[in-house]
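Colleague: I'm new to this and would like to learn how to read a protein structure. Could you walk me through one?

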Amino acid sequence: MTTTLITGANKGLGFETARRLVAAGHTVYLGSRDPERGRRAAGELGARAVVLDVTDDASVAAAAKAIEADGGLDVLINNAGVEGRTPEGGVIGAADLTADMMRSIFETNVFGVVRVTHAFLPLLRRSAAPVVVNVSSGLASLTRVSTPDTPTYAYPGVAYPASKATVNMITVQFAKAFPEIRVNAVEPGYTATDLNGHTGTQTVQEGAEIIVRTAQLGPEGPTGGYFDIEGPLPW
Ligand SMILES: NC(=O)c1ccc[n+]([C@@H]2O[C@H](COP(=O)([O-])OP(=O)(O)OC[C@H]3O[C@@H](n4cnc5c(N)ncnc54)[C@H](OP(=O)(O)O)[C@@H]3O)[C@@H](O)[C@H]2O)c1
């Protein structure tokens, strides 16, 4: 029996990933920073709710302790993320970006990934087939962001792509440090969720596919990679 934790799984891509992995037979811990939203979402799917705010050391430590007491963890999906828009819903471009805005995005998207992975590493290292999936973005690709005449090139935000490019680097370095763990970054594609005011062109079912697939990699699967549904992406 495979035990899987998904952060930020009370809605969006995380929720759909939880649904699919429950159907695949995983014991799924559905992470949510809000206890009530988490309980409701987990109840709907037959998952186990765990309160987990990725920006809060005590919350992450308590979640790790509870899951350890229940028997351990095989798969960690670092999915919780924020894009950080203006109050009017606009993307924050270079002219308006402040250090505080950057720090706040990194707190969730980068330090959250490190905080959660660090807390769950001892459990993962005891698993026979440990897997970490870091939910990155196509906007993390320096190659794509710097290739003119592409939608990725046209995206003006700074903090969000920088945070996901950092997630990619974290992925590569953790994969090298822990060769016994499959550690990969994935790009779900532009998906209609609250993150982008439902402007995404894909459904959550389509977007979750690469997350679900990468979560199910066996010990012979790739590690230290960056993938979308079609295959490897340029860094
Ligand atoms: N949608 C896309 O087009 C797209 C494309 C590429 C990558 N992604 C990535 O996919 C992941 C999921 O995003 P989504 O599109 O599904 O967005 P979403 O529907 O807004 O879901 C984001 C989830 O993250 C949670 N979250 C935010 N801050 C948190 C924190 N401090 N602690 C714990 N959970 C927290 C949210 O919880 P609350 O409900 O409490 O806010 C929510 O459950 C993100 O990493 C995002 O960057 C999305």
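Colleague: Let's start with Ile77. Which residues does Ile77 touch, leaving out those up to four places away in sequence?

Modeller: Keep in mind that this is a predicted model. Ile77 touches Thr4, Leu5, Ile6 and Thr7, and also Thr17, Val133, Val135, Ile211 and Ala215.

Colleague: What should I make of a list like that?

Modeller: Here's the general idea: in soluble globular proteins, nonpolar side chains tend to be buried together. In this case, the largest nonpolar core has 58 residues. Ile77 is among those with the most contacts inside that core, along with Leu30 and Ile211.

Colleague: Okay, now a single residue. Why does Ala208 count as buried?

Modeller: You count neighbours: a residue is buried if 20 or more other C-beta atoms lie within 10 Å of its own. Ala208 has 28 C-beta neighbours inside 10 Å, so Ala208 counts as buried. You'll find Ala208 in helix α8, residues 204-215.

Colleague: And what does Ala208 touch, again not counting residues up to four places away?

Modeller: Leu13, Glu16, Thr17, Arg20 and Pro188. Also look at Gly14: in sequence, Ala208 and Gly14 are 194 residues apart, yet C-alpha to C-alpha they are 7.7 Å apart in space. For the chain, residues 24 or more positions apart account for 65% of the contacts with a separation of 6 or more.

Colleague: How do I read a helix? Which residues of α2 are buried?

Modeller: Check each residue, then see where it points. In α2, residues 35-45, the buried ones include Gly38, Ala41 and Ala42. These three cover an arc of only 95 degrees around the axis, so they sit on the same side of α2. On the other side, Glu36, Gly43 and Glu44 are exposed.

Colleague: What do the buried residues of α2 pack against?

Modeller: Their partners are α1, β2 (27-32) and β3 (48-51). After α2 comes Gly46, with a positive phi near 75 degrees.

Colleague: Last one, the whole chain. How many helices and strands does the chain have?

Modeller: There are 8 helices and 8 strands. The radius of gyration is 17 Å, close to the 18 Å that the globule rule gives for 235 residues, so the chain is as compact as a globular protein of that length. Of those 235 residues, 46% count as buried.

Key: Residues are numbered from 1 along each chain as its sequence is written. This is a predicted model: local features need pLDDT of at least 70, side-chain atom pairs count only at pLDDT 80 or more; totals for chains, interfaces and linings use all residues. Helices (H or I, at least four residues) and strands (E, at least two) are DSSP runs, numbered from the N terminus. The radius of gyration is taken over C-alpha atoms; the globule rule is 2.2 Å times the number of residues to the power 0.38. A residue is buried if 20 or more other C-beta atoms lie within 10 Å of its own, exposed if 12 or fewer, and partly exposed in between; C-beta atoms are placed from the backbone. Two residues are in contact if their C-beta atoms, placed from the backbone, lie within 7 Å. A nonpolar core is a set of buried Ala, Val, Leu, Ile, Met, Phe, Trp, Tyr and Cys residues joined through C-beta atoms within 7 Å. The arc is that of the directions from the helix axis to the C-beta atoms.
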